[in-house]
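Welcome to this guided tour! Open your viewer, switch to a cartoon display, and follow along one selection at a time.

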Amino acid sequence: MPKFYRNQNTQLDGYNEVHIDDDSCPTPPLVKNRQPLGWHANCKDAVGHANRSFTGKSDGCKNCIPTCHTR
Ligand SMILES: [Zn+2]
């Protein structure tokens with residue numbers, strides 16, 4: 001089961017991106033800006049957890065979890 005984190009910095013379009021925590025992302029945020037989301041069965045669950053746990057809208061990173069990138 002993979003681990004995920006959320007970028008605490010909001011993107012220009014108003015979303016906070018969720019990334020997979022396995023060093024596969026080519027465009028990761030700085031370590032200090034990563035908010036841990038824990039382990040999830042898939043990226044959809046991770047984005048759902050981010051949306052419940054933090055204010056603001058979360059979405060998947062288009063580079064590391066493109067199947068959860070919706071915008
Ligand atoms: Zn990413």
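This is a predicted model: local features need pLDDT of at least 70, side-chain atom pairs count only at pLDDT 80 or more; totals for chains, interfaces and linings use all residues.

Stop 1: Four strands form an open sheet in the order 3-1-2-4, with mixed pairing. Which strands stand at the edges? They are strand 3 and strand 4; each has a single partner strand, so one side of each is left without a neighbour in the sheet.

A quick reminder for reading sheets: strands pair through backbone hydrogen bonds, and the pairing can be parallel or antiparallel. You can find examples of each here.

**Stop 2: strand 2 and its partners.** Select residues 15-20, which make up strand 2. On one side, strand 2 pairs with strand 1 in the antiparallel sense, over three bridges. Strand 2 also runs parallel to strand 4, and four bridges join the two.

Next, pick out single residues:

- Val-18 in strand 2 has Arg-6 opposite it.
- Val-18 also stands opposite Gly-60 in strand 4.
- Glu-17 has Asp-59 of strand 4 as its bridge partner.

Is strand 2 largely enclosed or left open? Five of its six residues are buried, so strand 2 is largely enclosed by the rest of the structure.

**Stop 3: the helix.** Select residues 43-53 to show helix 1. Helix 1 lies across strand 1, strand 2, strand 3 and strand 4, and runs at about 165 degrees to strand 4. Which residues of helix 1 are buried? Color Cys-43, Ala-46, Val-47 and Ala-50, and you have them. These four cover an arc of only 95 degrees around the axis, which puts them on the same side of helix 1.

**Stop 4: the nonpolar core.** Now display side chains for Phe-4, Val-18, Leu-37, Cys-43, Ala-46, Val-47 and Ile-65. Within the largest nonpolar core, which has 13 residues, these touch the most other members. Strand 1, strand 2 and helix 1 are the elements that give two or more residues to this core. Helix 1 supplies the largest share, four residues.

Zoom in on Cys-43 for a moment. Leaving aside residues up to four places away in sequence, Cys-43 touches Val-18, Ile-20, Gly-60, Ile-65, Thr-67 and Cys-68.

**Stop 5: the whole chain.** Zoom out and show everything. The chain has one helix and four strands, and from the N terminus on, its elements run β-β-β-α-β. The radius of gyration is 10 Å, close to the 11 Å that the globule rule gives for 71 residues, so the chain is as compact as a globular protein of that length. Along its principal axes, the C-alpha trace spans about 30 × 25 × 25 Å.

Of the 71 residues, 30% count as buried. Finally, among contacts between residues at least 6 apart in sequence, 58% join residues at least 24 apart.

Technical notes: Residues are numbered from 1 along each chain as its sequence is written. A residue is buried if 20 or more other C-beta atoms lie within 10 Å of its own, exposed if 12 or fewer, and partly exposed in between; C-beta atoms are placed from the backbone. The arc is that of the directions from the helix axis to the C-beta atoms. Two residues are in contact if their C-beta atoms, placed from the backbone, lie within 7 Å. The radius of gyration is taken over C-alpha atoms; the globule rule is 2.2 Å times the number of residues to the power 0.38. Two strands pair if DSSP finds at least two bridges between them. Axes are lines fitted to C-alpha atoms, for helices over the stretch in contact, and angles run from 0 to 180 degrees between N-to-C directions. A nonpolar core is a set of buried Ala, Val, Leu, Ile, Met, Phe, Trp, Tyr and Cys residues joined through C-beta atoms within 7 Å.
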